[in-house]
Amino acid sequence: MRTYTYAASFRKADAFGTPSICDPLFAAKADVVVSGDLAKVTVYVVDPIPNYTDEGTPLSRVKFVYQGKAYSAAYQSSSKVKRQFGTSAMFISTAGTYPATPITVTLPKAALEASKSGGLKCQAHVNAVLDADQEFYLVLCNAKLISTKTVRTGSSSSTLKKSSSGTATTLRTSATSGSGSVSTLSSESADDAAEDESADRSTSRKAGAAESGDQGGITSRRSGTAHGSYSHPTTGEVADSAGPVGQAMGSAMIGKVIDPQCLLEEGTDGTWLSLRWHLTNAISDVVLQTQEPGQDSWTDVDYELTAESDDSFDLRLPVQSDQTVIKAQCLIKPIGRTVTFFIYADEWTDGNAGGFAQLPDATDSGESAAPTPAPAAAAPAWQPTLGFWATLVAAVFGSAFLGVLAALRLNRRLEHKRSAADAAGPGPEPEPADIPADAPGSQA
């Protein structure tokens with residue numbers, strides 16, 4: 001199960017490129033929880049409408065339609081939260097933070113991608129002001145990974161528990177027999193992450209339009225070699241809080257996160273770089289900035305999630321050239337802190353050797369090409385062992401030698417237990433994984 005935030009916008013039912021009259025009623029961010037083939041989508045409606053506080057609940061009878069099937073949504077008026085809203089001549093005179101009611105619906109996961117091209121509609125009765133049934137498109141794009149709630153493991157798994165302050169406090173190890181067991185990682189909720197966001201609504205809408213297919217035609221594609229680096233490839237700057245002392249361990253970890261395959265797409269409206277990330281169960285809260293050759297400043301950039309699997313996900317971000325340097329920050333859950341490193345690419349050749357999802361060619365009709373399944377990695381996928389994380393924690397927080405020694409001893413004991421278990425024969429059948437409580441909404 002993975003939690004994302006998406007840029008959310010509502011478009012007119014008869015003019016997909018035009019914002020709906022109801023668009024200002026909704027927060028510019030939506031929360032999405034993906035579990036298997038299902039996606040639980042939560043959008044937020046301002047409640048009450050600031051300019052019409054005496055007209056009660058803004059919406060009722062909310063449902064979403066995908067591929068001709070209607071899915072009823074839950075209007076959670078008893079679970080209001082605070083969200084940021086922009087100005088609207090009709091509904092909201094002053095931009096700011098207002099109470100918002102979550103509206104939640106469970107849809108097929110494929111509806112997320114389909115929404116970018118008008119494949120997902122919302123139907124609702126607007127009680128306030130209009131007192132009429134309305135229909136509009138919901139567009140979800142610019143996905144950002146917030147957290148990974150569960151980890152599928154083999155013979156053993158590790159879970160890092162965090163205190164409310166975010167500091168790592170306990171490393172719990174659980175051993176199981178067979179594959180497909182599930183361990184739960186504690187992590188910040190999407191609501192907590194989204195609560196601090198106060199980006200201008202118009203900026204989010206422009207980013208959403210760009211991510212939903214407005215990149216223009218692509219005229220060339222080149223595959224390159226991506227490098228994750230603990231230090232800046234040109235200046236040697238170390239931006240991570242551990243400083244130069246953490247370089248050896250940091251470099252080893254980063255090399256396992258960033259896949260060497262990448263794709264550069266150049267077109268009439270800009271240039272985009274696609275990167276593949278591994279260790280998806282161990283990282284979250286990815287933030288990216290870019291820097292061009294000869295510049296000292298960094299530019300915040302949005303990115304789009306274009307593909308994901310059990311052990312990797314692909315991100316696409318805008319760049320200025322094939323020499324752009326990227327500064328990346330992400331939460332490393334097993335050590336309980338954010339790590340900062342750099343990414344750059346070189347050794348360019350024509351084509352899309354990595355099988356990344358592609359933007360439409362200059363001669364295409366304008367719809368994004370279907371994502372190409374990520375090919376198998378050239379080398380077997382590396383999975384972090386308990387010893388690796390114990391060593392990493394020791395290196396970051398001190399007493400590296402004692403940490404390594406403890407990890408080696410623990411691994412030795414685990415190996416003895418596994419050998420004994422193998423000799424005794426297979427264990428009982430594993431418990432089935434929990435089925436997500438949020439089933440698809442009933443057909444209206």
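Me: Is R61 buried or exposed in this predicted model?
Reply: R61 has a relative accessible area of 60%, so it is exposed (over 50%; buried means under 20%, partly exposed in between, with a 1.4 Å probe and protein chains only). The model is predicted, so local features need pLDDT of at least 70 and side-chain atom pairs pLDDT 80 or more, while totals for chains, interfaces and linings use all residues. Residues are numbered from 1 along each chain as its sequence is written, and side-chain values use heavy atoms, without hydrogens and water.

Me: Which residue forms a salt bridge with R61?
Reply: D133 does, with the closest N and O atoms 3.2 Å apart (a salt bridge is a side-chain nitrogen of Lys or Arg within 4 Å of a carboxyl oxygen of Asp or Glu). D133 belongs to strand β11 (residues 132-148) and R61 to strand β5, so the pair ties together parts 72 residues apart in sequence. Strands are DSSP runs of E with at least two residues, numbered from the N terminus.

Me: And which strand pairs with β5?
Reply: Strand β5 (residues 59-66) pairs with β10 in the antiparallel sense over six bridges (pairing requires at least two DSSP bridges). V65 stands opposite K121 in β10.

Me: Why is β10 largely enclosed?
Reply: Five of the seven residues of β10 (residues 120-126) are buried, so the rest of the structure largely encloses this strand.

Me: Changing topic, what about E265 and R221?
Reply: Their side chains meet in a salt bridge at 2.9 Å, N to O. Both E265 and R221 are buried. The two also belong to a salt-bridge network with E113, K116, E304, R316 and D361.

Conventions. Helices (H or I, at least four residues) and strands (E, at least two) are DSSP runs, numbered from the N terminus.
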